[in-house]
Amino acid sequence: MHGPASSGWLMVALCAATGAYCLLRMRSTVEEQRSAAGAEALMGFGMAVMAVPSTAFTPPGWAWAGYAAVFGAAVPHALWAVRRGAHHLHHLMGAAAMVYMAVAMASSAPGHHHGGGDSGVPLVTGALLLYFAGYVLLSGARLVPAAAVAAGPAPPGWADRPELARACRLSMAIAMVAMLLTM
């Protein structure tokens, strides 16, 4: 993604930490949390790798096709998971957004910035920005009451903390908005 190196490294750290916590959540005793945590760990680590500033590392052209293939494979998995619950639609949108960004980066020439000049914001980028900005606002509003309830006795183990899972989804959605804005 394009943008200042310092904010890129902060996004790498945020997404990697989120992915690491999602790996920890895969140890949960609740099957639904384990399933969602795997998809979210893939998303967190994928976003961390994609956010590495181009001044530090510029991936070869074939890497973007690899990203598109990995997240393209995650799309049918997320679509299949939607039958278990509508909240998996967010995983579907995240995987689709990652495929879109990887394809956009693969099709751009080195040093070419998307959305610059007179071209404006592409329709797909705008739609994804609206979705993720709305998700950030809604999940942020839902997180505040959850944090107040969570102030009571802590549940056993870090893997079964629903408020932390919501905070991870919120941080990844914020990172997705930032990545889409810098395309």
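In this predicted model, helix 1 and helix 2 pack at an angle of about 160°, with their axes 7 Å apart; axes here are lines fitted to C-alpha atoms, for helices over the stretch in contact, and angles run from 0 to 180 degrees between N-to-C directions. Helix 1 and helix 2 are therefore roughly antiparallel to each other, a term used for angles over 145 degrees, whereas those under 35 count as roughly parallel, those from 65 to 115 as roughly perpendicular and the rest as oblique. The residues of the contact of helix 1 with helix 2 divide into 12 nonpolar, 3 polar and 3 charged, where Ala, Val, Leu, Ile, Met, Phe, Trp, Tyr, Cys and Pro count as nonpolar, Asp, Glu, Lys and Arg as charged, and the others, Gly among them, as polar.

Because the model is predicted, local features need pLDDT of at least 70 and side-chain atom pairs count only at pLDDT 80 or more, although totals for chains, interfaces and linings use all residues. Residues are numbered from 1 along each chain as its sequence is written, and side-chain values use heavy atoms, with hydrogens and water left out.

The secondary structure of the protein comes to 6 helices and 0 strands, these being DSSP runs numbered from the N terminus (H or I of at least four residues for helices, E of at least two for strands). Of the 183 residues in the protein, 42% are buried, that is, under 20% relative accessible area, with exposed meaning over 50% and partly exposed in between (1.4 Å probe, protein chains only). Among contacts between residues at least 6 apart in sequence, 79% join residues at least 24 apart.

Helix 2 also packs against helix 6, at an angle of about 35° and with the axes 11 Å apart, and this crossing too is left-handed. Here Glu 40, Met 43, Gly 44, Met 47 and Met 50 of helix 2 meet Arg 169, Met 172, Ala 175, Met 176 and Met 179 of helix 6. Glu 40 is buried, with a relative accessible area of 2%, and, apart from residues up to four places away in sequence, Glu 40 touches Cys 22, Arg 25, His 91, Arg 169 and Met 172.

The largest nonpolar core has 33 residues, and Met 47, Met 50, Met 176 and Leu 180 are among those with the most contacts inside it; such a core is a set of buried Ala, Val, Leu, Ile, Met, Phe, Trp, Tyr and Cys residues joined through side-chain atoms within 4.5 Å. Helix 6 gives the most to this core, with 8 residues. Leu 180 touches Met 101, Thr 125, Leu 128, Leu 129 and Phe 132, not counting residues up to four places away in sequence.

Ala 102, which is placed in helix 4, is buried, with a relative accessible area of 0%. Leaving aside neighbours within four places in sequence, Ala 102 is in contact with Met 50, Trp 64, Tyr 67 and Ala 68. Leu 79 of helix 3, by contrast, counts as exposed at 52% relative accessibility.

How values were computed
Contact means heavy atoms within 4.5 Å. A crossing is left-handed if the near helix is turned anticlockwise from the far one by less than a right angle, and right-handed if clockwise.
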